[in-house]
Amino acid sequence: MLQNTSRPLFQYHKIQFKTSVEPVVMFADPKKILRILYNLIKVSAEAIEKQVDSPTIAFTVKAEGDHVILAVSDNGPGIPESLQETVFEPFKTNGKAYGTGLGLAIVKHFVEAHESGISFATSDNGTNFSFKIKKA
């Protein structure tokens, strides 16, 4: 379903989309989870647009103990160090001409509504956002 929701985004940006999804059951609001994933994928797509020769976004879901780990990764230039501390704050953008800067703030809010947190790792080779949700 996520691929169908994001298909126009990938067709426009010419991004390769890879998935690795384990079948799991979790306690979550499906609409909020889809919005979280859509926002993370959109942020990644915008970050790698015209930045790398073969733009790729990977989406993974895996069981780990009592939780399900969900992650979105890209092979872009990474988050500038000057933005890393405020990346989840509202109205923060990286100089783009469009958008509100609310995408990652909404992500954080929805993840926290599931009694969890979100983290990221970033480098010159890309960024990985991950969060966990309780298993059912």
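A salt bridge here is a side-chain nitrogen of Lys or Arg within 4 Å of a carboxyl oxygen of Asp or Glu. The model is predicted: local features need pLDDT of at least 70, side-chain atom pairs count only at pLDDT 80 or more, and totals for chains, interfaces and linings use all residues. Residues are numbered from 1 along each chain as its sequence is written, and side-chain values use heavy atoms, leaving out hydrogens and water.

**View 1. Salt bridge Lys-42 to Glu-46 in α2.** The closest N and O atoms are 2.9 Å apart. The two residues sit four apart in helix α2, so about one helical turn separates them. Helices (H or I, at least four residues) and strands (E, at least two) are DSSP runs, numbered from the N terminus. Glu-46 is buried, at 17% relative accessible area. Lys-42 is partly exposed, at 29%. The cut-offs are under 20% for buried, over 50% for exposed, and partly exposed in between (1.4 Å probe, protein chains only).

**View 2. Salt bridge Asp-29 to Lys-32.** The N to O distance is 3.5 Å. Asp-29 is partly exposed, with 30% relative accessibility. Lys-32 is also partly exposed, at 27%. A search of the whole structure finds four salt bridges.

**View 3. Salt bridge Glu-112 to Lys-108 in α4.** Here the closest N and O atoms lie 3.5 Å apart. Glu-112 has a relative accessible area of 44% and is partly exposed. Lys-108, at 33%, is partly exposed too.

**View 4. The buried residues of α4.** Leu-104, Ala-105, Val-107, Phe-110 and Val-111 are buried in this helix. They pack against α2, β4 (118-123) and β5. After α4 comes Glu-115, with a positive phi near 55°.

**View 5. The largest nonpolar core.** Such a core is a set of buried Ala, Val, Leu, Ile, Met, Phe, Trp, Tyr and Cys residues joined through side-chain atoms within 4.5 Å. At least two residues each come from α2 (30-48), β2 (56-64), β3 (67-74), α4 (103-113) and β5 (126-134). The α2 helix gives the most, seven residues.

**View 6. Surroundings of Phe-131.** Contact means heavy atoms within 4.5 Å. Neighbours within four places in sequence are left aside. Phe-131 then contacts Ile-33, Ile-36, Leu-37, Leu-40, Val-68, Ile-69, Leu-70, Val-111, Gly-117 and Ile-118.
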